Amino acid sequence: MVLFLAVTVVTYVIFYVTPSDPARLAAGQGATPEDVQRVAERLHLDEPVWEQYGRFLWQLVGEQSLGESFVNRQDVNDIVLRAAPVTGALVFGGAIFWLTLSIPIGIISALRPRSLIDRAGMVFVLIGLSAHPVWIGLIFAYFIGYKLELTPITGYADFFNPSQEHGGPVQWAYHMILPWSTFAILFAALYVRLIRANVMETMNEDFVRTARAKGAPESQVIRSHVLRNSMLPIVTILGMDIALALGGAIFTESIYSLPGLGRQVLQSYENFDLPVIQGIVVFSTLCIIVFNLIVDLLYAVVDPRIRLT
Amino acid sequence: MAVLEVSDLRTSFRTDDGVVKAVDGVSFSVERGKTLGIVGESGCGKSVTCLSIMGLNNRQNTISSGEARFNGENLLEMSSRKLRTLRGNEIAMIFQDPMTSLNPVHTIGRQLVEAVMLHRDVTKRDARLRALELLKAVGIPRADRRIDDYPHQFSGGMRQRVMIAMALINEPDLLLADEPTTALDVTTQAQILSLMTSLQEEFETAIIMITHDLGVVAEIADDVVVMYAGKVAEEGTVDEIFTRPYHPYTWGLLGSLPRLDADLDRLVQIQGSPPSLLNPPRGCRFHPRCPYVMNVCRSVVPELLPVSHSPQHLQACHLDEETKDQEVQKLLEGTLAEAS
């Protein structure tokens, strides 16, 4: 709650101190000063910032409404709800991508340090960490999408409502392959390192030695004594990363023209469209809060030491 | 018959700074149902000796040579598959720190059952019954309920009892106990030790007890090996070592014991600290700290030889026996004199 208030207030204040005139932008190019004045009044931009903020809170609590866009008077709730599933699809799909990639690589390279696989994994990590998503996105789009024509380069296909051109689960997944891979690479690289470090650390724990002293074969030692213990910290970080990414994967969405939150926030920022920005901020803050809760609950399931009695 | 006969065991680690000879030619043997105490300061190779016998050293940077014959078979040359069937079954080990030696995410019941199922062809039910039996044997109150608890719900002493239960669950012939009481408070130490001795009688287990606590050795050991810097300094029955010790290092250890009857401001200590095994001193490894150091000590490595009055009592020191007897006399009287 405190977090929520702090974040929204900061957004308002920053917006207020930014030298801009949203009313003039909203009124259009040929508007007279009187028009601009009228627009400002209608958008309540002439009021002091704390009154604007109060109005925003009042609307949010009283009517569960995020207000209307300055630019096209659309309901912000609608805008966010339309963009969120796209980002959600990108983030969750990407998370599955990066986990399926990083978990096996991380574990294998931890078990066989300095082996060929470990070294190859480290090269991948280095590339993933150094390469900017925009660059990776462009490379992917050019080679896989344009040259080989394997996948579409841009656009988004609705999962549930097939339009005349494309839609439905198959088209949806087809359109998402490139964005998923692009988005996943940075995280996959990070997670390979993370998992490798965690597994290696757990391998040195006393209870792993105990398990070996019991006469357990190595595979069983790893399965029942190393993996679960080393995945504990990963759960926390995964939750945080997903929550953060839900606020908008700006780069990936921009490259592939996905109508998600990231692209929306970029557009709205160009137009000084405070209500939309604020709406997305509210949404991503909520995501972070909710995911923190989920992570805490999940942690209690995975780690008996944290279980509430 | 000896359950375990170790002869000329050597273990060295490759490190970035060079080769560390952690164990350098150690020999001893343990009889069925008897207890061997291995004493020495931290870092003198006690734990590594045990881990080498168990084959639990990190395989990538460790080299072991020599022999460790368990019921006649050399453990050091055994295939890892064969060794696994012995580990936890006929040779078990208890570790120093009960707080970290149990897996925090599994119930203790599950960890005990795992130990049974690895070596016995029994159902989970039977394994659980066996686990319960052992938990009762090591004195865990309300064992039938505690079996489904997690390690963090137990105190240190209780966890060490669980570790003992886990080690004894398959009735091993040999139990390696690596400072099992070091992490525990004195009262709990006494309980754990008496538990171990009573279980030893019941199962006829041979125990190798690693410790730096001479009090523990005096209480439960039959034979003692005093180790210094990867080598055996002195070896003999517990009576011999405590009444007629022949190595200055043993004198130092005995002299630094706190005494109830002496009123000292400060405990006596051996000057200096154990040498780095990367680059051990030439000659006798104890010579830089030895108050009786002679010229020969700096260049010639003393051999481990029997003393004249007892063939079972071995010691590695250049000092002549006459001086030693005088010094032993002084050591025993000296502390008595201080007391009066």
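Let's start with one pair: B:Glu235 stands opposite B:Leu314 in β12(B). The two strands here are β10 (residues 231-237) and β12 (residues 310-315) of chain B, and they pair in the antiparallel sense over two bridges. Pairing means that DSSP finds at least two bridges between two strands. Strands (E, at least two residues) and helices (H or I, at least four) are DSSP runs, numbered from the N terminus.

A word on the source. This is a predicted model: local features need pLDDT of at least 70, side-chain atom pairs count only at pLDDT 80 or more, and totals for chains, interfaces and linings use all residues. Residues are numbered from 1 along each chain as its sequence is written, while chains are lettered from A and ligands numbered from 1 in the order in which they are written.

Now the sheet. Eight strands of chain B form an open sheet, with mixed pairing, in the order β6-β7-β8-β3-β9-β10-β12-β11. At the edges sit β6 (91-94) and β11 (305-307) of chain B, each pairing on one side only. From one strand to the next, the twist averages 25 degrees. For angles, axes are lines fitted to C-alpha atoms, for helices over the stretch in contact, and values run from 0 to 180 degrees between N-to-C directions.

Next, β8(B). Why is this strand largely enclosed by the rest of the structure? Because six of the six residues of β8 (residues 206-211) of chain B are buried. Buried means 20 or more other C-beta atoms within 10 Å of a residue's own; exposed means 12 or fewer, and partly exposed is in between, with C-beta atoms placed from the backbone. B:Ala206, B:Ile208 and B:Ile210 point one way, and B:Ile207, B:Met209 and B:Thr211 the other. In a regular strand the side chains alternate between the two faces of the sheet.

Who are its neighbours? Strand β3 (residues 35-39) of chain B runs parallel to β8(B), joined by five bridges. There, B:Val39 has B:Thr211 as its bridge partner. Strand β7 (residues 174-178) of chain B is also parallel to β8(B), again with five bridges. B:Leu176 stands opposite B:Ile208. From β7(B) the chain crosses through helix α7 (residues 186-203) of chain B to β8(B), in a right-handed β-α-β crossover. Right-handed means that, with the strands pointing away from the viewer, the path from the first strand over the helix to the second runs clockwise.

Last, a helix. α10 (residues 248-255) of chain B is mostly covered, with six of its eight residues buried. Among them are B:Tyr249 and B:Trp251.
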